[in-house]
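Have a look at the structure first, then read on.

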Amino acid sequence: LKLAAKVFEIKQLSKNSAEIKIAYPIELFELGNLPNILSSIAGNIFGMKDVKWLRLNEIIFPKKIVKSFKGPKYGIEGVRKITKVKDRPLIGTIVKPKLGLRTKDHAKVAYDAWIGGCDIVKDDENLTSQKFNKFEERLKETFKMKEKAEKQTGDKKIYMINISAETKEMLRRAKLVEDYGNEYIMVDIITVGWSSLQTLRNENFNLVLHAHRAGHAAVDKSKQHGISMKVIARLTRLIGLDQLHVGTAVGKMFETEEDVLENRKAL
C-alpha cells in the first residue's frame, strides 16, 4: 500500500507562512474511530520543533469515513417536529446565575422563562450535580415546571439539562432523563472528549443532543495555532450531535459574523 500523505496545494501567505492542503490515504485510518483520526492529522505534528505555528483550518471527509459514524439522530427536521415550531426561530435562554441557585429556585427561573415566551431553557455549562443543585432533584423539579408551563401556555417547552460527567455517569444521567420523558440533553463536548461523545451517540438514546463548546477557545481562538471552530463543528456533526453552539456575531464572544456563518455552514 502507498500510505504517504500528499501535499497537493501550497498557497504562500507571507515569507514564513503558507496555507497547505494535504490528502491522506483512507487506509491510514480506522473507520468510526475519531480519536485515531485526530491523533493522526492533528497529533504530534503540533509539537514538532520545525513547526513554529500550525493551525488545522478545515477538514473534508470521504463518504466512506462519514458513513462509519452515526451522524445526528434528529437534526433540524427532528427538532422542529419535537418543538412543533415550524416557521420561526426557536427562542431560548440559559438559567442565570449559572451557579448558586438552589434546585427550586433554578426550576422557578426556568418556569418564568417558559411562561414569558421562551421555547427552550438550558442549564449553563458548569452546572452538573453540585450539592446545592443535585442532578436528579433538578431534573425532577424543572421537568415538573416544564409540564406546568406547557399546560398553561398550550405550547411545547424544552429543557436542556446538562449531563456532562465521566462517561459512565453521563450515560446513567442520559438514561434517567430519557426515562423521565424529557426530550433533550446538553453536553460539554470539548471537556468530555470525542470518545465520550461517540459513546453517548452510539447508545442511541431517544434524546436530542445539544452540544456546548466550553473550552473551544483554548484551541481555536488563535489564528496562528490550534484547530478552527469550523473543524470542531464538522467533528461534532460527524459524531452525531443534533445541535451546536456555533458562536454569536454580537456580544461577548470573539468571533466575527463571518466566522459564525462559516461554522454554521460547516454543519
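A cavity here is a set of points, on a 1 Å grid over the protein atoms alone, where a 1.4 Å probe fits but cannot get out, while a pocket is an open set with protein on both sides within 12 Å along at least five of seven lines; lining residues have an atom within 4 Å of a point. Grid points are joined across faces, edges and corners, and a volume is the space filled by probe spheres set on the points. Keep in mind that this is a predicted model, where local features need pLDDT of at least 70, side-chain atom pairs count only at pLDDT 80 or more, and totals for chains, interfaces and linings use all residues. Residues are numbered from 1 along each chain as its sequence is written, and side-chain values use heavy atoms, leaving out hydrogens and water.

**The cavity**

- There is 1 cavity of 30 Å³ or more, and the largest cavity holds about 50 Å³ of space.
- Its lining is made up of Lys73, Leu200, Arg201, Asn204, Phe205, Leu207, Leu209 and Asp242.
- That lining splits into 4 nonpolar, 1 polar and 3 charged residues (Ala, Val, Leu, Ile, Met, Phe, Trp, Tyr, Cys and Pro count as nonpolar, Asp, Glu, Lys and Arg as charged, and the others, Gly among them, as polar).

- The largest pocket has about 1700 Å³ of space; of its 43 lining residues, Ile20, Arg55, Leu56, Asn57 and Glu58 are the closest to the centre.
- Strand E2 (17-23) gives the most to this lining, with 7 residues (helices, H or I with at least four residues, and strands, E with at least two, are DSSP runs numbered from the N terminus).
- By type, the lining of the largest pocket comes to 24 nonpolar, 6 polar and 13 charged residues.
- The second largest pocket has about 1400 Å³ of space, and His210, Gln243, Leu244, His245 and Val246 lie nearest its centre, out of 43 lining residues.

- H4 (residues 103-115) has 13 residues and reaches 18 Å from first C-alpha to last, close to the 18 Å expected at 1.5 Å a residue (the expected span is 1.5 Å times one less than the number of residues).
- Thr103, His106, Ala107, Ala110, Tyr111, Ala113 and Trp114 are buried in H4 (buried means under 20% relative accessible area, exposed over 50%, partly exposed in between, with a 1.4 Å probe and protein chains only).
- Seen down the axis, the buried residues of H4 fall within an arc of 160°, so they line one face of the helix (the arc is that of the directions from the helix axis to the C-beta atoms).
- H10 (residues 229-239) has 9 of its 11 residues buried, so it is largely enclosed by the rest of the structure.
- Gly117 follows H4 with a positive phi near 125°, and Gly240 follows H10 with a positive phi near 125°.

- Most residues other than glycine have a negative phi, and most peptide bonds are trans.
- The Lys96 to Pro97 bond is cis, with omega near -5°, and Pro97 is in the loop between E4 and H4.
- Lys84 has a positive phi of about 60° without being a glycine, and at 65% relative accessibility Lys84 counts as exposed.
- Asn204 has a positive phi near 60° too, and at 39% relative accessibility Asn204 counts as partly exposed.
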